[in-house]
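Trainee: I am new to this structure. Can we look at a few residues together?

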Amino acid sequence: NYSAEVCQQAENDLYVCPYGDYCQKSHNHVEQLYHKDKYKTKFCSYYPNELHKCDYQTFCSFAHTEDDILVDLIHKLEFDDDFFMFYFKTVWCPYNLKQHDRSKCVYAHNWQDFRRKPHIYDYETNQCSSWRQDQRIMKYDQGCQLQYKCGKSHGWKELEYHPLVYRTCLLYTSDAADDLLCVDLG
């Protein structure tokens, strides 16, 4: 059992991973793409109109139809208040599009964009002191060591769309600190 993260040793052609088959990470791009955390979680880059161009067809590690995809297609839900509080930016974007307007997309594209589902993960409306607004986070544990177990909001999206805050206040960043402040709309 290995993770979808690529082994640093195996990634560099000059080195052989000393753990071999016992390594906890993927040793090549194929192992990574066919890992259970990656397999069919994005649509093929030829989806939907040029699937005939895909060289891999039935062996493609990317989804060719909506029935193939293994992530929730939240863009098909009704965009009501419940959607924005409980689903907006809680699923990684399944599209492999070069021309993709991420600012209008309901899916997450990076860790600052991603939200934990508040009905599954119990977190407060207080901001996590470890989560930095001004740094690009490449892995979730770089933002907060507690990751999904943290009881505080990770970034402005988790705070602004939290069920206890959504549509109740305006958020702004304090000049004195990296804190998000809430101005009551009531």
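Mentor: Start with Tyr34, which sits in the loop between α2 and α3. Helices are DSSP runs of H or I, at least four residues, numbered from the N terminus. This is a predicted model: local features need pLDDT of at least 70, side-chain atom pairs count only at pLDDT 80 or more, and totals for chains, interfaces and linings use all residues. Residues are numbered from 1 along each chain as its sequence is written, and side-chain values use heavy atoms, leaving out hydrogens and water.

Trainee: Does Tyr34 count as buried, partly exposed or exposed?

Mentor: Buried means under 20% relative accessible area, exposed over 50%, partly exposed in between (1.4 Å probe, protein chains only). Tyr34 has 39% relative accessibility, so the residue counts as partly exposed.

Trainee: Where does Lys38 lie?

Mentor: Lys38 is partly exposed, at a relative accessible area of 39%. Its C-alpha atom is 8.7 Å from that of Phe62, 24 residues apart along the chain. Lys38 lies in the loop between α2 (29-33) and α3 (81-86).

Trainee: Which residues does Lys38 contact, leaving aside neighbours within four places in sequence?

Mentor: Contact means heavy atoms within 4.5 Å. With those neighbours left aside, the partners of Lys38 are Ala4, Gln32 and Leu33.

Trainee: Is Glu158 buried or exposed?

Mentor: Glu158 belongs to helix α5 (residues 155-160). Not counting residues up to four places away in sequence, Glu158 touches several residues, including Phe114, Tyr123 and Lys152. Its relative accessibility is 0%, so Glu158 counts as buried.

Conventions. Helix = DSSP H or I, 4+ residues; strand = E, 2+ residues; numbered from the N terminus.
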